Amino acid sequence: MRAARRSVVWQAGLYALLALLALVYVYPFLVQLATSVKTEAAAAADPVSLVPDPLTWSAYARLFLRSDFPVWFANSAVVTVLVTAGRVFFDSLAGYALARLRFRGRGVVYAALVAVMAVPTVVLLIPKFLVINQLGIYDSYAGMVLPLLVDAAGVFIMKNFFESIPASVEEQARIDGAGTFRIFWSVVLPMARPALVTIVILSFQGSWNELSHFIVSAQSPELTTLTKGVASLASGQLSQGSQYPLKLAAAAIMTIPVAVVFFVFQRRIMNTSEGAVKE
């Protein structure tokens with residue numbers, strides 16, 4: 001009896017702790033939403049209050065009607081869709097090559113892939129700018145998209161997933177005369193759906209929230225993305241005063257696409273046991 005009570009007390013305490021941690025994590029986001037619908041005076045007087053008094057949508061109206069926010073949003077949407085589609089294709093293609101094909105230097109390529117994952121992104125900014133400028137694609141969509149079409153982490157994930165699929169599932173297609181790409185596209189890739197969903201989520205989130213690459217790849221106002229635009233708002237370059245509602249409204253809108261993509265695909269996120277076939 002005492003053991004049962006101790007178990008109930010322990011579970012209640014654990015749930016209370018988890019609820020407290022969840023509140024600490026979610027509270028800043030709730031403050032962001034509440035402040036975005038406050039007046040400038042109310043936000044400055046009590047910035048952490050969760051009750052907007054009075055409630056107003058003027059910050060959102062100003063973003064969409066009297067700023068370049070729609071241009072920033074459109075640029076981020078175009079770049080994110082292109083980068084996500086490119087990463088899903090090229091990461092899976094490279095991962096399959098490293099998992100299944102035997103070629104000279106395969107180990108070196110894989111070692112270089114792992115090494116790239118360990119290099120801080122900021123270290124590559126200057127070399128990236130020099131390459132983009134030398135190729136003549138600086139300040140263009142090409143310069144913003146092409147360097148992001150493949151990422152080492154995505155290739156690593158796809159390689160490991162393809163290795164979990166028995167090679168025997170490809171033998172019948174090879175006997176029927178299918179080539180390597182046909183086997184990859186029609187046999188193996190459909191089985192890698194959990195890994196592909198993982199790549200979609202990570203690629204969408206990463207490219208949508210990318211900032212440093214867009215700073216070194218473009219400077220035209222017409223090519224400003226949401227991250228650059230919101231960063232300029234946060235630094236006060238586009239307005240005077242605190243402008244808390246305006247800044248937090250922009251940040252709130254920026255989080256919506258990532259949240260939608262995550263909640264849509266979260267149930268299908270990678271499970272390495274799914275799709276595997278017993279020998």
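Predicted model: local features only at pLDDT ≥ 70, side-chain atom pairs only at ≥ 80, totals over all residues.
Local features need pLDDT of at least 70 and side-chain atom pairs count only at pLDDT 80 or more, while totals for chains, interfaces and linings use all residues. Residues are numbered from 1 along each chain as its sequence is written, and side-chain values use heavy atoms, with hydrogens and water left out.

The unreviewed UniProt entry carries the annotation "transmembrane region" for residues 12–30, 72–96, 108–129, 141–162, 183–204 and 248–265; such annotations may be inferred rather than shown by experiment. In residues 108–129 the end C-alpha atoms lie 26 Å apart and the span is 73% helix and 0% strand, whereas residues 248–265, whose end C-alpha atoms also lie 26 Å apart, are 100% helix and 0% strand. Helices here are DSSP runs (H or I, at least four residues) and strands likewise (E, at least two), numbered from the N terminus.

Helix α11 (residues 193–208) reaches 22 Å from its first C-alpha to its last, close to the 22 Å expected at 1.5 Å times one less than its number of residues. Because 12 of its 16 residues are buried, α11 is largely enclosed by the rest of the structure, where buried means under 20% relative accessible area with a 1.4 Å probe and protein chains only. The buried residues, among them P194, F204 and W208, pack against α4, α8, α10, α12, α13 and α14.

With α8, the packing angle is about 170 degrees and the axes, lines fitted to C-alpha atoms over the stretch in contact, are 10 Å apart. That makes α8 roughly antiparallel to α11, a label for angles over 145 degrees. In this contact (heavy atoms within 4.5 Å), G154, I157, M158 and F161 of α8 meet P194, A195, L196, T198, I199 and L202 of α11.

Notes: Buried < 20%, exposed > 50% of the residue type's maximum accessible area, 1.4 Å probe, protein only. Axes fitted to C-alpha atoms, helices over the stretch in contact; angles between N-to-C directions. Parallel < 35°, antiparallel > 145°, perpendicular 65-115°, else oblique.
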